[in-house]
Amino acid sequence: MGKEMKLFGCAICLFLFCFFCFGEEVENKDILVKGIGYGSNETEAMMTAKRDAVEKGIEMILLSQIEIENFQAKRDIVVTKALGAVKRYTTISNTKASDGMYKIEIKANISRATVNEDLASFHILLKTMEKPKVMVIFQENNVGYEEPTNCTAENSIVKLLKDPYDFEIIDSNIVASIKTSSQKMACLTGDVSTTASIGAMHSAEVIIIGRADSRVLENLSIDLGGMKSVKAYVELKAINCTTGEIIASGNAHSEKVHISPYTAGLMAINLASEKAVKKIINSVIEEWNEQVNNGLPLMITITEVSSFRLKNAVIHTLNSIPGIVKLHERVWDDVKKTLLVDIQYKGNTNEFCSRVDGYKMNFYGGSLAVTGQNGTKISIVIQVK
C-alpha cells in the first residue's frame, strides 16, 4: 500500500508539473517566422537573418499604428535588445552570389514572452513620456505568518518595476507606515476610489495593491525526504490614482521546495509576484501613454454662468488655456446658471487646477476660481470684478 501511495504521489507531481508547464507554454506561445539576411561572410549574413526574423516577430505582436510607427523610429535599438528572443532556428538556404555576398534564409522560433518584456521596457522610450510614480503595497501571509513587515511580494515587484522599466517608486518607509495601521489597510482593501485617494495623498500616480499567500502542500511533501513543497498565490491590481479606475488586475501562483517551509514560501511568493506583475505591466504603460499623449479626461462644472454670452466667453477662455487639447460642451442650465463641459488635458488634475485658478476671462472681465476637486471632477465658479 505504501508503494502504491508513493507511485500515486509521483503521478500527481508529474501531472501538476506538466499542467503548469503546458499552461505557461500556451500563454507564452512562440512565434514562428522566416528571416533573410545578407552579408560579406556567413556570420554577418546569419546575424542579419536573425535580426530580420526578430523584426518580423515584433511587428506580429504590435497591433496599433502608433506602436508600429514608434517601433520604426527606434527599430535598431529595439531589435538589438530583443535578439535574445531567438530561441532556436534552422537554416533553410545558404547561398553565395557571384559578387561574393552571402544570402542566408532561416526559420526561427521567437520567444513571445521575451519580446513582450523587451517591448514593455521600451514603451516608455518609444513614447518619450514621463513615467508614472508608483506605490506598491501588499498584505502577505507566508505559511501562516502574517505581519505588516512581510514585504517579499512588494520587494519583488519593486525590483522589476525599477529594472528594466525604471519607474519611480514611492518611498518604502511610507508604505511601511501605512501597513502598520489596520485602519489604513482596511481602506486600501475597500473601494477603488478610496485606494486611489490614499495613493494620490502620497504623490503616487499609480498604486499597485494586492495579497500574497503561501501554504505547505502536505500531500506533495510526503516523499521529499524532509523537504517541504510550498505553493504561493498572488493577486494584484493597478489603480490610476488620478481617475480612480482599475487599470488592470492579475494573479499568478508558483511552487518551491526547501527544507524550511518559511524559506520555500518566500521563494514561491517572490516568483509568483514577478509573474503576476508582468501580466499587468503592459496595461499600466499603455494607459499612461494614452493619458500623457492624448490628455487626461476631466469633468468640469462651472457655476454663475448667467447668460449665453457669458457661457460662450467661458468656452473661449477654457480653449485658450495651455494643455487643453479637446473641449466638449455637455449642457448649459440657464436657470441654475451651471455649465458642464468635458475636456482632455495634458497633465494631472493638480496642474490643471493650479493653472485655471485665477485665470482671467478673455471677455467681460472677471476670472475663474477652482472651488472643488474630487478625482477628475472639478468645480469652478466665475468670479466677477
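Me: What makes β2 and β3 count as paired strands, and in which sense do they pair?
Reply: In this predicted model, β2 and strand β3 (residues 102-110) are joined in the antiparallel sense over 9 bridges.

Me: Why are β1 and β2 called edge strands?
Reply: The sheet in question is open, has 3 strands in the order β1-β3-β2, and its pairing is antiparallel. β1 (31-39) and β2 (86-96) each pair on one side only, and these two are the edge strands. From one strand to the next, the twist averages 20°. Helix α2 (residues 42-61) lies across β1, β2 and β3, and runs at about 145° to β1.

Me: Why is I324 called buried?
Reply: The relative accessibility of I324 is 12%, and buried means under 20%, so I324 counts as buried. I324 lies in strand β11 (residues 324-333) and, leaving aside residues up to four places away in sequence, touches L318, I343, Q344, Y345 and F352. Of these contacts, Q344 is 20 residues from I324 in sequence, while the C-alpha to C-alpha separation in space is 5.8 Å.

Me: How do you know that the buried residues of α13 line one face of the helix?
Reply: The buried residues of helix α13 (residues 349-356) are T349, F352, C353 and V356. Seen down the axis of α13, these buried residues fall within an arc of 95°, and therefore they line one face of the helix. The face turned away from that buried side carries the exposed residues N350 and S354. On the buried side, the residues pack against β10 (296-303), β11, β12 (338-345), β13 (367-374) and β14 (377-383). Just after α13, G358 takes a positive phi of about 90°.

Me: Why is C353 called buried, whereas C151 is called partly exposed?
Reply: C353 has a relative accessible area of 12%, and because buried means under 20%, C353 is classed as buried. C151 has a relative accessibility of 28%, and since partly exposed covers values between the 20% limit for buried and the 50% limit for exposed, C151 counts as partly exposed.

Me: How many disulfides does a search of the whole structure find?
Reply: The search finds 0 disulfides.

Methods. Residues numbered from 1 in each chain as written. Predicted model: local features only at pLDDT ≥ 70, side-chain atom pairs only at ≥ 80, totals over all residues. Heavy atoms only, no water. Helix = DSSP H or I, 4+ residues; strand = E, 2+ residues; numbered from the N terminus. Buried < 20%, exposed > 50% of the residue type's maximum accessible area, 1.4 Å probe, protein only. Contact = heavy atoms within 4.5 Å. Arc of directions from axis to C-beta. Disulfide = S-S within 2.5 Å. Pairing = 2+ DSSP bridges. Axes fitted to C-alpha atoms, helices over the stretch in contact; angles between N-to-C directions.
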